[in-house]
Structures are given as C-alpha cells and as structure tokens.
Amino acid sequence: MNELKPWSVTASRITYEDRWIRVRSDDCVTADGNVIAPFHVLDYPDWINVIPVMPDGRVLLTREYRHGRGEIVLGLVAGGVEPDDGKTGHGETGDAALAAAQRELREETGYEASTFVKLLTSYPNAASHSNAVTSWLALGLSRAGEPRFDPGEKVELLFADLAAILSDLQSGAVIMQSMHVAALYAAESWLRREASEGLK
C-alpha cells in the first residue's frame, strides 16, 4: 500500500471572492500522478461557537433563520473570527478565537462570561473547507446589555436543559448544524467530569 502523501499544487487562482467567502481553484496532482483540476477550496475565516451555561445549569441557545436550509434552526452562539479579534491595545496578538467568542457572546446575547473553557477544535469539512472551528464553554454569565445584531441578523434566545437537547438530537426531534452538535456533546462531557471531580 502506498504511503499517504499530500497532493501537489501546480497552479492556484482565486475564482470568486466577497466579504463572506473566497473560492480558491487549484490544479492538483495526487501522489499517484492523477491530475485533479480544478479542485475548488472554500477559504472561510476560522469560526467559533459558544455554549453559555447559566448558574442553574441551563444552556443558552439561539434560534435563527438559516437560508441554506430555508428553515428556522436551533443552534449556538456562533460566528467568524474577524481580523481585529485578538489584537490588544498594545498591538500584540492574543487568542483570536477566544476574542471572537467573547465578542459574539456579547453581540448575540447581551451576556458576558467570567470564564471561557476551550472544549475542542475541529474542521467543518477538511475535504473542501480551509478553516477550523473552536468551541467554547462560557461560565459565570452576567447580563451586560442588549444584543447588538448585524444587519439582516435576527436571533431568538432560549434557555434549555442540556440533557433534554441531547435527547432531542438523538431522537431526531431537533436537527442542528453538526459542529454545534459536537460542541454540545463536548460540553456535556466536560460538565459531567467537573461534577464527578467535585464529588471526590
């Protein structure tokens, strides 16, 4: 069996770009010499999502119209990492994904959190997407003001029991974006582990 190797790129060009997405079209040659041209890569910025946990254990979820499916979809606080995320006043670069999580939580919900726990980093679709998504647990929530939605954005907020949401996902009663599902299971695992450690 041949050893797995990355493809070689013999040519690359940007075939579409706007504020939301960039399409990179590569001419590739596999390790076996097969030519794949063009192969289109979606160059998105990195993404984040956030699971805010209230003091009573409920999680804060969003409901929002998602045009790709043409449906109102239940999900998490989420968004893209922006160029200014992670920059401090002194010009230093911090954790851009964390800064994006803090910003999106404040903008979409009006809440701030005293603690952010990094749950996992995953690839939305490594076959054709260049970006990664980082999932965060937000603890120690406090109300900081009203949400500040982007133009065209309208988000409903609701509080839910995490175990009930996971049960609804398993039964098919609720369908979410897959990265949000992974984050919810990671949050459940982290919270269960913390609870068991607290009992020792």
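This report describes the pockets, nonpolar cores and selected residues of a predicted model.

## Basis of the description

Because the model is predicted, local features require pLDDT of at least 70 and side-chain atom pairs count only at pLDDT 80 or more, whereas totals for chains, interfaces and linings use all residues. Residues are numbered from 1 along each chain as its sequence is written, and side-chain values use heavy atoms, with hydrogens and water left out.

## The largest pocket

The largest pocket has a volume of about 1,600 Å³. A pocket here is an open set of points, on a 1 Å grid over the protein atoms alone, where a 1.4 Å probe fits, with protein on both sides within 12 Å along at least five of seven lines; lining residues have an atom within 4 Å of a point. Grid points are joined across faces, edges and corners, and the volume is the space filled by probe spheres set on the points.

The lining of this pocket comprises 41 residues, and W20, R66, A78, G79 and G80 lie nearest its centre. Two or more lining residues come from each of β4 (47-52), β5 (59-66), β6 (71-75), β7 (77-80), α1 (96-109) and α3 (178-199). These elements are DSSP runs numbered from the N terminus, helices being H or I of at least four residues and strands E of at least two. Strand β6 provides the largest share, five residues. By class, the lining holds 19 nonpolar, ten polar and twelve charged residues; Ala, Val, Leu, Ile, Met, Phe, Trp, Tyr, Cys and Pro count as nonpolar, Asp, Glu, Lys and Arg as charged, and the others, Gly among them, as polar.

## The second largest pocket

The second largest pocket has a volume of about 150 Å³. Its lining consists of W7, V9, R24, D26, C28, F39, V41 and A127, which divide into six nonpolar, no polar and two charged residues. Strands β2 (22-29) and β3 (35-42) each contribute at least two lining residues, and the largest share, three residues, belongs to β2.

Strand β3 also contains P38. The peptide bond from A37 to P38 is cis, with omega near -5°.

## Nonpolar cores

A nonpolar core is a set of buried Ala, Val, Leu, Ile, Met, Phe, Trp, Tyr and Cys residues joined through side-chain atoms within 4.5 Å. The largest has 22 residues, of which I51, L61, L137, I165, L169, M176 and L184 touch the most other members. At least two residues of this core come from each of β5, β8 (111-122), β9, α2 (162-171) and α3, and α3 gives the most, five residues.

Beyond residues up to four places away in sequence, L137 is in contact (heavy atoms within 4.5 Å) with I51, V53, T115, F116, V117, L119, A187, W190 and L191. A second, separate core has 15 residues, including V50, L60, V81 and A97.

## A buried and an exposed loop residue

D85 lies in the loop between β7 and α1. With a relative accessible area of 9%, D85 is buried; buried means under 20%, exposed over 50% and partly exposed in between, with a 1.4 Å probe and protein chains only. The side chains of D85 and R103 form a polar contact of 2.9 Å, and a polar side-chain atom of D85 lies 2.7 Å from the backbone nitrogen of E82. A polar contact is a pair of N or O atoms within 3.5 Å; within protein, one must be able to donate a hydrogen and the other to accept it, and residues adjacent in sequence count only if both atoms are side-chain atoms. Leaving aside neighbours within four places in sequence, D85 contacts G80, A96, A99, A100 and R103.

G152 is found in the loop between β9 (133-143) and β10 (156-160), and at 91% relative accessibility G152 counts as exposed. The C-alpha atoms of G152 and A132 are separated by 25 Å, the two residues being 20 residues apart along the chain.
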